[in-house]
Amino acid sequence: MATRLSARHRDQRGFVFPSPVVMLSIIAVAMAGIAFVATRGGEPTEREITTISAKETPSAAPSTPAAGPTKKPKPAKPPVKRSEVYVEVYNNSGITGLAGTVSDRAGQAGWQVVGSDNWVGTIPASTVYYPPRLERAAKLLALDLGIDRTMPAVDPMRLDRLTVILTGPLD
């Protein structure tokens with residue numbers, strides 16, 4: 001019977017398809033090559049920019065035609081009224097009473113502090129978080145408290161006030 005099996009031995013070779021990951025990788029490399037060739041262009045054009053200081057007279061300016069109508073200066077934004085901005089202060093350090101101390105300091109600077117507590121989570125550095133409409137106020141509060149970092153507010157922070165999270169003592 002062993003001779004019978006060996007007589008049926010076939011000398012055919014098959015083809016094994018590569019895995020789908022390999023096929024997708026090959027297609028991705030090919031597409032990247034096509035995109036590179038299609039988007040390759042000439043050298044970028046450079047523009048010469050000439051600045052004019054306030055001390056120079058208009059006659060000393062280069063004689064180029066005006067690019068368009070002159071823009072009116074933007075009206076100055078009203079100053080931030082500290083007493084109208086709510087502030088919450090949270091302690092994210094191991095220092096007992098830090099939020100209370102900084103709350104007092106913010107109150108003395110004129111901010112309307114509405115609460116202080118401990119914060120649970122990981123914050124890389126002391127930060128003033130702000131909703132979009134209070135960005136200027138956040139920068140002013142950070143300046144008043146000596147905090148270098150301001151960031152947009154995230155959930156679960158309230159969007160009607162500034163949130164200060166402290167990670168250590170302030171200077």
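Mentor: Start with Leu141. Leu141 touches Val87, Ala106, Trp111, Val128, Leu162 and Val164, leaving out residues up to four places away in sequence. Contact here means heavy atoms within 4.5 Å.

Trainee: Before we go on, what kind of model is this, and how are residues numbered?
Mentor: This is a predicted model: local features need pLDDT of at least 70, side-chain atom pairs count only at pLDDT 80 or more, and totals for chains, interfaces and linings use all residues. Residues are numbered from 1 along each chain as its sequence is written, and side-chain values use heavy atoms, with hydrogens and water left out.

Trainee: Back to the core. Which residues touch the most other members of the largest nonpolar core?
Mentor: Leu141, Leu162 and Val164, out of 21 residues in that core. A nonpolar core is a set of buried Ala, Val, Leu, Ile, Met, Phe, Trp, Tyr and Cys residues joined through side-chain atoms within 4.5 Å. Buried means under 20% relative accessible area, with a 1.4 Å probe and protein chains only.

Trainee: Which elements supply at least two residues each?
Mentor: β1 (86-91), α3, β3 (127-130), α4 and β5 (162-166). α4 gives the most, with five residues. Helices (H or I, at least four residues) and strands (E, at least two) are DSSP runs, numbered from the N terminus.

Trainee: What lies apart from that core?
Mentor: Another core, of seven residues, including Trp119, Ile123, Ala153 and Ile165.

Trainee: Now the helices. At what angle do α3 and α4 pack?
Mentor: About 110°, with axes 10 Å apart, for α3 (residues 98-108) and α4 (residues 135-145). Axes are lines fitted to C-alpha atoms, for helices over the stretch in contact, and angles run from 0 to 180 degrees between N-to-C directions. The two helices are therefore roughly perpendicular, a term for angles of 65 to 115 degrees.

Trainee: Which residues make the contact?
Mentor: Val102, Arg105 and Ala106 from α3, with Leu141, Asp144 and Leu145 from α4.

Trainee: New topic. Where is the cis peptide bond?
Mentor: Between Asp155 and Pro156, with omega about 20°. Pro156 sits in the loop between β4 (149-152) and β5.

Trainee: And Ser83, what does that touch?
Mentor: Gly110 and Gln112, again not counting residues up to four places away in sequence. Ser83 is in the loop between α2 (20-39) and β1.

Trainee: Last one. How many helices and strands does the protein chain have?
Mentor: Four helices and five strands. Along the sequence they run α-α-β-α-β-β-α-β-β.

Note on methods
Angles under 35 degrees count as roughly parallel, over 145 as roughly antiparallel, 65 to 115 as roughly perpendicular and the rest as oblique. Buried means under 20% relative accessible area, exposed over 50%, partly exposed in between (1.4 Å probe, protein chains only).
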